[in-house]
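Below is a report on one structure, arranged by region.

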Amino acid sequence: MTQSIVDTLSSLKVIPVIQINRAEDAIWLGEVLTQNQLPVAEITFRTPAAAKAIKLMHENFPELILCAGTVLTPKQADKAKEAGASFVISPGYNPTTVDYCLKNGIDIVPGINNPSQIEVALEKGLTLLKFFPAEASGGIKMLKALASPYAQVQFMPTGGISLNNVSEYLAIPQVIACGGSWIATSESIDNQDKQAIANHIQSIHSLLKNKG
């Protein structure tokens, strides 16, 4: 992954994790994200609409940093890259998918939640990892314990993170950004509730500004 993308993620601090059921919703959703100064999205491959949604966002909002989440197979990784995703994220460490991505020039952030998985990732030269599921895996206390012996690793925790605890995760120096599904929920997207999503984004900006 380019340092430019890492730096941008680090400056934005929060990544909306989005499950989209209708690909066409990607257009107005991309508009809401850009208008509210959060130009990043993780579109999860939990629905058949994912690849097309990424493609529509990429074509209409090239300034957005787009990543594909819940990438479980090499085929999904290919689809994500073809659609315009800058990188892919997996919930766990699948050696087959990771090796395929590394061999084919697809940037991947695999999921980990223990030291053994971190060391497997380090052997492959991967130093940006997803801590997932964050809260269920021990939360902030666990992540601090994992981060301590691996100073070269940066983390993107996801899973159970909300406005109530995101600042605590971001206070860990090795955390560059947190993934959050509360920002643009499936319900708010299905209902095309632009204001609810905008309100969540503005709440994030306010929180980070006050903490800063």
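## The loop between β7 and α7

Proline 133 sits in the loop between β7 and α7, where helices (H or I, at least four residues) and strands (E, at least two) are DSSP runs numbered from the N terminus. The peptide bond between phenylalanine 132 and proline 133 is cis, with omega at about -10 degrees. Lysine 130 lies over the face of phenylalanine 132, at 4.4 Å from the ring centre; a charge counts as over a ring if NZ of Lys or CZ of Arg is within 6 Å of the ring centre and within 35 degrees of the ring normal.

This is a predicted model, in which local features need pLDDT of at least 70 and side-chain atom pairs count only at pLDDT 80 or more, while totals for chains, interfaces and linings use all residues. Residues are numbered from 1 along each chain as its sequence is written, and side-chain values use heavy atoms, with hydrogens and water left out.

## The three-stranded sheet

The order β6-β7-β8 describes an open sheet of three strands with parallel pairing; two strands pair if DSSP finds at least two bridges between them. Its edge strands are β6 (111-112) and β8 (154-157), each of which pairs on one side only. Helix α7 (residues 139-147) packs on this sheet and touches β6, β7 and β8, contact meaning heavy atoms within 4.5 Å. The direction of α7 makes about 155 degrees with that of β7; axes are lines fitted to C-alpha atoms, for helices over the stretch in contact, and angles run from 0 to 180 degrees between N-to-C directions.

β6 and β7 (residues 128-131) run parallel and are joined by two bridges. Across this pair, isoleucine 112 stands opposite phenylalanine 131.

## The six-stranded sheet

A second open sheet has six strands in the order β5-β4-β3-β2-β1-β9, again with parallel pairing. β5 (108-109) and β9 (178-180) each have a single partner strand, so one side of each is left without a neighbour in the sheet. Strands β2 (residues 40-44) and β3 (residues 65-69) run parallel and are linked by five bridges. Alanine 41 faces leucine 66 of β3, and glutamate 42 stands opposite cysteine 67 of β3. β2 also pairs with β1 in the parallel sense, over two bridges, with isoleucine 18 opposite isoleucine 43.

How many of the five residues of β3 are buried? Five of the five are, so β3 is largely enclosed by the rest of the structure; buried means under 20% relative accessible area, exposed over 50%, and partly exposed in between (1.4 Å probe, protein chains only). Ile65, Cys67 and Gly69 are buried on one side of β3, and Leu66 and Ala68 on the other. In β2, five of the five residues are buried, so this strand is largely enclosed by the rest of the structure. Its covered faces hold Val40, Glu42 and Thr44 on one side and Ala41 and Ile43 on the other. In a regular strand the side chains alternate between the two faces of the sheet.

Helix α1 (residues 3-12) lies across β1 (14-18), β2, β3 and β4 (87-89), and runs at about 90 degrees to β3. Lysine 13 is in the loop between α1 and β1. Phi of lysine 13 is near 75 degrees, a positive value in a residue other than glycine. Lysine 13 counts as partly exposed because its relative accessibility is 33%.

Glutamine 37, in the loop between α2 (25-35) and β2, is a further residue other than glycine with positive phi, near 60 degrees.

Threonine 70 is in the loop between β3 and α4 (74-83). Its relative accessibility is 13%, so threonine 70 counts as buried. The side chains of threonine 70 and arginine 46 make a polar contact of 3.4 Å; such a contact is a pair of N or O atoms within 3.5 Å, where within protein one must be able to donate a hydrogen and the other to accept it, and residues adjacent in sequence count only if both atoms are side-chain atoms. Not counting residues up to four places away in sequence, threonine 70 touches Glu42, Thr44, Phe45, Arg46, Gln76, Ile89 and Pro91.

Serine 90 is in the loop between β4 and α5 (95-103). At 4% relative accessibility, serine 90 counts as buried. A polar atom of the serine 90 side chain lies 2.7 Å from the backbone oxygen of glycine 92. Leaving aside neighbours within four places in sequence, the contacts of serine 90 are Val71, Ile108, Val109, Pro110, Gly111 and Lys130.
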